[in-house]
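Let's take a walk through a protein model together. Have a look at the sequence and the picture first, and then we'll go through it piece by piece.

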Amino acid sequence: MKRNRIFLDFTSLLDITMIILFWFLINFKNTADAIKTEAAEQTAQAQSYAAELEEDKKEFELEKEEWRREADSEMEKIREADKNAADNARALMDFQDGAVITINLNIESRKKWTVTVRNGNRKIGEIASENSADFTAELTGILSDAGFRTDDVVIGVLLYDSNDNGSYYKSDFEAYIDEVRREYKQFYCSSINISK
């Protein structure tokens, strides 16, 4: 008995398998490259976003610090107002009782004048043009010698007569008094015309 032998040729099947395998390898490489590119883009976006967040955080910290400073400043003003309320009330009561600083101007000209300073009815100083080198410093010295501290509330009245020849120059004295406020922060002074 004779057997028939069949030879199977798998060469073409091997070729097809190899083609499919190469196609999968190439496709896998392209997919892997695409995934790597996308991952790199997402990493760059994440880093950019993180940098933006860090920048926003710095800006927020600066704003927060500015808000804190403003809040502290406002609280300090409130504390000062509260602290000054008693001093202001006392100064107003003294004003009602006639205890006020009067600065009486007698102006003949810009170069010839006399200023008499009183605390209530008591004369506490006088400044004359003949011997005055710095009116602001001299007025500050008079207030200090009278016992006023720089943080006291001081109410003053600048008295002048508009019929005086030199009354036009009273604005110079108002400017000097404004300079006194640099040291006596709570020195309140108004001008009153006493002409008849």
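**From a helix to a sheet**

Start with Leu 25, which is partly exposed, with a relative accessible area of 48%. Keep in mind as you look around that this is a predicted model. You'll find Leu 25 in helix 1, which covers residues 11–96.

Five of them form an open sheet, in the order 3-2-1-4-5, and the pairing is mixed. Who stands at the edges? Strand 3 (122–128) and strand 5 (187–193) do, and each has a single partner strand, so one side of each is left without a neighbour in the sheet. If you ignore direction, neighbouring strands here are turned by 20° against each other on average.

You can find both kinds here. Strand 2 (residues 113–119) and strand 3 run antiparallel, with six bridges joining them. Look for Arg 118 there, and you'll see Lys 123 of strand 3 standing opposite. Helix 2 (residues 135–145) packs on the sheet, where it touches strand 1 (101–107), strand 2 and strand 3. The direction of helix 2 makes about 165° with that of strand 3.

Next, go to strand 1 and pick out Thr 102. Is Thr 102 buried or exposed? With a relative accessibility of 16%, Thr 102 counts as buried, because the cut-off for that is under 20%. Leaving aside neighbours within four places in sequence, Thr 102 is in contact with Thr 116, Val 117, Arg 118, Val 157 and Leu 159.

Strand 1 also runs parallel to strand 4, and four bridges join the two.

Let's finish with strand 4 itself (residues 154–160). Seven of its seven residues are buried, so strand 4 is largely enclosed by the rest of the structure. Val 154, Gly 156, Leu 158 and Tyr 160 point one way from the strand, while Ile 155, Val 157 and Leu 159 point the other way.

Definitions and conventions:
Residues numbered from 1 in each chain as written. Predicted model: local features only at pLDDT ≥ 70, side-chain atom pairs only at ≥ 80, totals over all residues. Heavy atoms only, no water. Buried < 20%, exposed > 50% of the residue type's maximum accessible area, 1.4 Å probe, protein only. Pairing = 2+ DSSP bridges. Axes fitted to C-alpha atoms, helices over the stretch in contact; angles between N-to-C directions. Contact = heavy atoms within 4.5 Å.
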